[in-house]
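Please read the sequence alongside the three-dimensional view, and keep both at hand while following the report below.

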Amino acid sequence: MNRVFWPLAAMTLTQAMVAMALATVPVLAPALAIALGVDGRMVGIYTALAFAGAMASTVIGGALVPRFGPIATSRASLIVTALALALTALGSLPLVLFGAVAAGLGYGLATPAASHVLARRSPDALRGLVFSIKQSAVPVGGLLAGLMVPPIVLVAGWEAAVICVAGLVAAAGLALGPLRASQDDDRQPGLAIAIDAPWQSMRLVLGHPILRRLALTTLVFSSVHGSVMAIMVSALVYQADLTLVAAGAVFSAMQAAGVIARVAFGWVSDRLIAARPLMGLIGVAIFAAAILLANLSPDWSIGGILAAAVFAGICISGWPGVYLAEVARSVPQQTVGAATGGTVFFSFLGTVIGPAGFSLIVAATDRYAPAFAIFGTAALIVATILLVGHARGRGREA
């Protein structure tokens with residue numbers, strides 16, 4: 001049990017902390033926007049910049065992990081993310097935007113490192129569950145940000161909230177130190193890192209039929225997920241007329257639903273439904289959730305708003321562990337880090353173009369509904385491709 005438990009605990013902690021860091025600015029966006037004199041509805045630009053940084057580092061991470069080890073890479077991820085977030089507290093718009101990119105650079109290192117160590121330590125029969133437990137840390141990070149940040153903003157100001165989160169993230173990086181000897185034991189210190197290492201990861205993905213399909217899926221699903229995570233608090237404040245604290249609580253409930261969904265979907269993919277058709281069904285649910293969110297208004301009861309947010313958290317946040325486990329299943333152990341980095345590049349690409357595109361649609365129409373409808377429809381199209389492709393594959397086997 002210890003073979004799986006401690007690596008999983010370490011990677012889950014890392015993922016939760018970097019996710020909390022990236023969720024902090026979107027959660028405090030209404031307060032930060034006033035301080036900086038910008039439109040709070042444009043917070044998607046921050047998330048887009050963060051994941052642009054993550055795109056660059058995740059493909060490099062696939063090469064760094066074998067040389068330095070997954071724990072060392074994870075510690076670097078946490079320290080870089082914490083320092084980058086701390087720049088936001090200086091209250092300068094250029095530094096906030098630079099900090100977004102830098103925080104993304106730290107965030108992007110976490111996933112290849114986690115996939116390397118978990119693919120090595122987890123049994124095949126539990127891989128979907130193990131990866132989903134680790135990925136459940138992403139909504140846990142959002143939940144923590146939603147619960148912690150608004151009260152700190154009200155009591156001590158938004159700068160104090162940013163510093164508190166940055167401090168927690170840095171402390172987590174220090175806490176991983178004792179695991180390095182046992183979990184970085186397969187590192188290759190003399191391994192040369194090729195200049196074209198990022199492109200090797202991309203070639204691996206584009207040349208592999210299953211990885212190509214997974215890359216398309218995560219590109220679209222991540223664009224929806226990243227958009228909703230980036231704008232949800234602002235949408236609840238501006239569209240549903242909630243207070244910042246109430247919006248933060250609803251956001252946290254959505255994240256809590258995502259935690260449960262990720263673990264549940266991981267179990268389902270191991271026991272009941274294969275990963276790719278399961279992701280097709282989730283895509284249909286994402287479309288339904290987007291239509292619900294498009295119709296939020298001040299006329300909705302708090303119970304109705306909460307129910308819509310929980311449903312969105314289940315389907316929009318529930319799929320990443322299933323996808324990452326399928327990546328690990330589809331390639332040899334020695335290429336899991338590179339394959340993960342290559343496919344996660346497309347995931348982060350979706351999180352770059354999604355929130356930025358969502359914010360631009362909102363700015364152009366002065367409404368959230370068209371953006372929700374467009375992004376939900378994109379998920380439905382990918383879901384149809386997955387389900388039809390699976391049905392055709394079963395037909396050929398018959």
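In this predicted model, helix 6, which covers residues 127-135, has 8 of its 9 residues buried, so this helix is largely enclosed by the rest of the structure. The buried residues of helix 6 are Arg127, Gly128, Leu129, Val130, Phe131, Ser132, Lys134 and Gln135.

A second topic is the packing of two helices. Two packed helices are described by the angle between their axes and the distance between the axes. Helix 11 and helix 12 pack at an angle of about 150°, and their axes lie 7 Å apart. Because angles over 145 degrees count as roughly antiparallel, helix 11 is roughly antiparallel to helix 12. The crossing of helix 11 past helix 12 is right-handed, and the residues that make the contact are set out here by helix.

| Helix | Residues in the contact |
|---|---|
| Helix 11 (residues 209-238) | His225, Val228, Met229, Met232, Val233, Leu236, Val237 |
| Helix 12 (residues 244-271) | Leu244, Ala247, Val250, Phe251, Met254, Gln255, Arg262 |

Sorted by class, the contact of helix 11 with helix 12 has 11 nonpolar, 2 polar and 1 charged residues.

The last topic is the aromatic rings, for which the count comes to 9 aromatic pairs. In the pair of phenylalanine 345 and phenylalanine 346, the ring centres are 5.6 Å apart and the planes stand at 85°, so the pair is edge-to-face. Both phenylalanine 345 and phenylalanine 346 are buried. Elsewhere in the account of rings, Phe51, Tyr107 and Phe348 are linked into a cluster by ring pairs.

Technical notes:
Residues are numbered from 1 along each chain as its sequence is written. This is a predicted model: local features need pLDDT of at least 70, side-chain atom pairs count only at pLDDT 80 or more; totals for chains, interfaces and linings use all residues. Side-chain values use heavy atoms; hydrogens and water are left out. Rings of Phe, Tyr and Trp (its six-membered ring) pair if their centres lie within 6.5 Å; planes under 30 degrees apart count as stacked, over 60 as edge-to-face and the rest as tilted. Buried means under 20% relative accessible area, exposed over 50%, partly exposed in between (1.4 Å probe, protein chains only). Axes are lines fitted to C-alpha atoms, for helices over the stretch in contact, and angles run from 0 to 180 degrees between N-to-C directions. Helices (H or I, at least four residues) and strands (E, at least two) are DSSP runs, numbered from the N terminus. Angles under 35 degrees count as roughly parallel, over 145 as roughly antiparallel, 65 to 115 as roughly perpendicular and the rest as oblique. A crossing is left-handed if the near helix is turned anticlockwise from the far one by less than a right angle, and right-handed if clockwise. Contact means heavy atoms within 4.5 Å. Ala, Val, Leu, Ile, Met, Phe, Trp, Tyr, Cys and Pro count as nonpolar, Asp, Glu, Lys and Arg as charged, and the others, Gly among them, as polar.
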